[in-house]
Amino acid sequence: MDLPLNLAEYEELARQTMPRTHFDYFGGAAADGITARENRRAFEDLALRYRVFADVGDRDLSITLFGRKLDWPVAIAPMAFQQLAHPQAEIATVKAAGRTGTLFVASTMATTSLEDIAAAATGPCWFQLYVYRDRSFTKALVERAEAVGYEALMVTADTPVLGRREQDMRNRFHIPPGVRIKNLEGTPFASFGLDDGGEYTGARYMLASLDPSLTWKDLEWLCSITRLPVIVKGVVRGDDAEQAMKCGAGGIAVSNHGGRQLDSAIATLRALPDVVQGVAGRGEVLVDGGVRRGTDIVKALALGAKAVLLGRPVIWGLATGGEDGVARLLGLLREEFDTALALCGCKSVDRVTRDLIA
Ligand code: FNR
Ligand code: LAC
């Protein structure tokens with residue numbers, strides 16, 4: 001097959017090359033996959049009212065996020081277990097992020113330690129935090145992330161329990177003993193295997209480790225123990241967003257975990273305007289779920305997002321080409337975004353305004 005020309009073709013290539021169980025884990029969604037499909041449909045349903053004769057000869061894709069200039073408004077979403085996609089795992093992904101000026105968000109459940117990721121990084125990185133039942137361990141993760149230069153924390157709010165991952169149950173998905181969840185080394189949660197009966201343990205694993213009784217008080221606590229901005233990931237309502245800002249959050253990532261948690265959850269792009277209103281300019285708003293084209297980025301920005309996060313396609317790039325694969329995939333998306341800006345009559349990101357949406 002020729003080199004893929006877009007993100008969907010990377011998915012097809014990954015499907016042909018990856019073990020089925022791993023492809024299903026990375027690509028999969030909860031239950032019937034309604035939300036995963038709706039995330040895409042919400043982008044497809046919007047039409048762009050582009051401007052003409054707007055002098056788009058010299059385009060600037062950069063933005064500023066929490067005082068940090070970024071080359072373009074895209075971040076790599078936190079994703080667990082990248083070693084299952086490629087032996088170089090998160091090291092390959094973070095290097096590709098650096099090469100393409102893309103913000104990298106490291107998952108708590110990475111198969112590389114947050115320290116090793118930071119050491120390999122050549123650009124800005126954030127750390128995604130799961131809040132463990134053991135709060136002193138959680139606090140230690142925050143301190144470790146601060147110590148090696150992560151620039152923000154993204155706390156995941158949409159996973160009090162794991163969503164229904166039926167494909168993973170059927171496939172008896174697990175990570176082999178040699179692959180470790182490195183940040184959790186020294187806890188009972190550094191491996192993710194099968195139970196004694198050979199059955200999937202995902203939901204039990206999450207319930208044993210993560211705290212489903214979190215409240216806004218815990219968000220206040222988190223904000224109080226760190227000097228880094230805290231972005232709450234997994235919010236789809238304006239009232240929740242407003243509450244998060246009151247607790248000291250620096251921003252919101254509108255997300256439904258790529259449709260992997262609550263199936264029938266609202267599509268993120270449809271939730272975005274309400275969240276933007278709830279934040280009311282007091283922080284930054286990002287969005288993820290189904291971003292696959294440069295025009296999707298334009299649509300998200302037009303509805304008030306500052307940046308988008310890209311999930312599964314990064315895995316397809318990693319699985320099919322390691323660091324170069326991720327870099328090439330991000331390069332394609334960046335070209336698409338640049339073309340979309342030009343064709344919309346926007347010479348820079350701040351020209352992307354609400355009136356572009358029909
Ligand atoms: C995720 N996501 C995720 N989120 C998080 O906060 N912590 C994590 O460890 C993971 N792990 C993870 C693994 C895999 C394989 C996927 C696909 C997703 C959710 C992720 O950050 C993001 O919200 C979605 O993937 C965005 O949707 P798209 O771009 O994949 O459609
Ligand atoms: C997932 C978890 C690990 O979505 O966040 O697979």
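Helices, of at least four residues, and strands, of at least two, are DSSP runs numbered from the N terminus. The legends below describe a predicted model.

View 1. Taken along the principal axes, the box filled by the C-alpha atoms is roughly 65 × 50 × 40 Å.

**View 2. A closed barrel of 8 strands.** The order of the strands is β3-β4-β5-β6-β7-β8-β9-β10, and their pairing is parallel. On average, neighbouring strands of this sheet are turned by 30 degrees against each other, direction ignored. In general, strands of a sheet pair through backbone hydrogen bonds, either parallel or antiparallel.

**View 3. Strands β5 and β6 with helix α6.** Strand β5 covers residues 125–129 and strand β6 residues 153–156. The two strands run parallel and are joined by 3 bridges. Gln128 has Met154, in β6, as its bridge partner. Helix α6, made of residues 135–147, packs on the sheet and touches both β5 and β6. The direction of helix α6 makes about 175 degrees with that of β5.

**View 4. Helix α13 across strands β3 and β10.** Helix α13 spans residues 312–344. The strands that helix α13 lies across are β3, residues 74–76, and β10, residues 307–310. Relative to β10, the helix runs at about 155 degrees.

**View 5. The surroundings of ligand 1.** Ligand 1 is surrounded by 21 residues, and the closest are Pro78, Ser107, Thr156, Asp288 and Arg292. Pro78 places a backbone N or O atom 2.8 Å from an oxygen atom of ligand 1. For Ser107, a polar side-chain atom lies 2.7 Å from an oxygen atom of the ligand. Lys233 has a polar side-chain atom 2.9 Å from a nitrogen atom of ligand 1. Ligand 1 exposes 600 Å² when taken alone, and the protein buries 98% of that.

View 6. A polar side-chain atom of Tyr25 is 2.7 Å from an oxygen atom of ligand 2. Tyr130 also has a polar side-chain atom 2.7 Å from an oxygen atom of ligand 2. In the case of Arg165, the distance from a polar side-chain atom to an oxygen atom of ligand 2 is 3.0 Å. On its own, ligand 2 has 220 Å² of accessible area, of which the protein covers 88%.

Terms used. Residues numbered from 1 in each chain as written. Chains lettered and ligands numbered in written order. Predicted model: local features only at pLDDT ≥ 70, side-chain atom pairs only at ≥ 80, totals over all residues. Heavy atoms only, no water. Pairing = 2+ DSSP bridges. Axes fitted to C-alpha atoms, helices over the stretch in contact; angles between N-to-C directions. Contact = heavy atoms within 4.5 Å. Near = heavy atom within 4 Å. Polar contact = N/O pair within 3.5 Å; in protein donor to acceptor, adjacent residues only side chain to side chain. Areas by Shrake-Rupley, 256 points an atom, 1.4 Å probe, with all protein chains shown as cover.
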